[in-house]
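Open your viewer and get the selection tool ready. This short tour visits a pocket and then a cavity.

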Amino acid sequence: MKVNNKEVSYKQTLKSMDTEETIDLVFYRPIGFMWAVICAKLGISPNAITIASIFIGVAAGVLFYFDGDLLWLNYVGIVLLILANSFDSADGQLARMTGQYSRIGRILDGLSGDFWFVAIYFAICFRVDGTSDFFSQYPWLIWVIAIVAGLSHAKQAAMADYYRQFHLYFLKGKDGSELDCVDQLDEAYRQVPWKGNFWKKATMFFYRNYTANQEVLTPNMQKLRRKLKSIFGDDEPSQQFRDAFRAKSKPLMKYTNWLSFNLRTIALFAAILSQMPWLYFAFEIVVLNAMMVYMMRRHENICRMLTKELEDGAFKRD
């Protein structure tokens, strides 16, 4: 398809083959590309697609409340959540297709899934509270479990996204990644006045804290970034280093995908349709948290090892 007089292929709308998941490649990305092509022709922006996905995803979450004779509504909810995720795929593909990148768009894209799952958590809590004898006796318990699951979900998604962007930085360079750092965000924040920019300023504040939290949890990664800056300055690292990092990081990309959407929703659909929706919370708290800790420890070890090799002079400028 031609966009701005340039031929754009389906493959060009993908982030990278290193970071794409099989389910996405065979299902969500082709559908997302179809939506992206249609929206490009109609002049619809990526942010508009993201906002549409929020409403569809929230509607899906509400439908997971019903059971018994209305269990068929759960199937409608599943279809709507799949549709919402195809829109979530389409907004990024459209942005890459048309070059309509923005930090606001990235933040909005990240928030869309949060809206979906907040609706899902409320639906599960009200459903369990009304149908389970155990949770009816202790109605507060399911809400505590939901809060723990929600906080776990937020941390899992944040770390998966951070490691993916770090990998893309070494694979495709600055233009192919959305990797940020707190120092740059602080500078950008200071340059924007509050007057007439309240929402932009507030969004930048929350995004800055989101990034700061990612950095706090990855001390070895931050040491590696500082070491790279001391050797290469503002230039991108040498191809030798980038290849070395990619070889070590690529096996971990499957964990960033598993912690994102597809594996999560397979577990969600199974729990909802088995009429034991609380099992989804257990899956997030136990299985996905264990996976996140394993991924983080392995990645931190990689960063520590590469920092040591940089200090020993193993990698030079091109």
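Here is what to select, stop by stop.

This is a predicted model: local features need pLDDT of at least 70, side-chain atom pairs count only at pLDDT 80 or more, and totals for chains, interfaces and linings use all residues. Residues are numbered from 1 along each chain as its sequence is written, and side-chain values use heavy atoms, without hydrogens and water.

**Stop 1: the second largest pocket**

Select Tyr169, Cys181, Gln184, Arg225 and Lys229. Of 22 lining residues, these are the closest to the centre of the second largest pocket. A pocket is an open set of points on a 1 Å grid over the protein atoms alone, with protein on both sides within 12 Å along at least five of seven lines; lining residues have an atom within 4 Å of a point. The space here is about 720 Å³, a volume being what is filled by probe spheres set on the points, which are joined across faces, edges and corners.

Next, colour α6 (139–172), α7 (182–191) and α9 (219–232), which each give two or more residues to this lining. Helices are DSSP runs (H or I, at least four residues), numbered from the N terminus. The largest share, 6 residues, comes from α9.

**Stop 2: the largest cavity**

Now select Arg106, Tyr162, Gln165, Glu178, Leu179, Asp180, Tyr207, Thr211 and Gln214, which line the largest cavity. In a cavity, a 1.4 Å probe fits but cannot get out. The volume is about 30 Å³. Show α6 and α8 (198–216): each supplies at least two lining residues. The largest share, 3 residues, is from α8.
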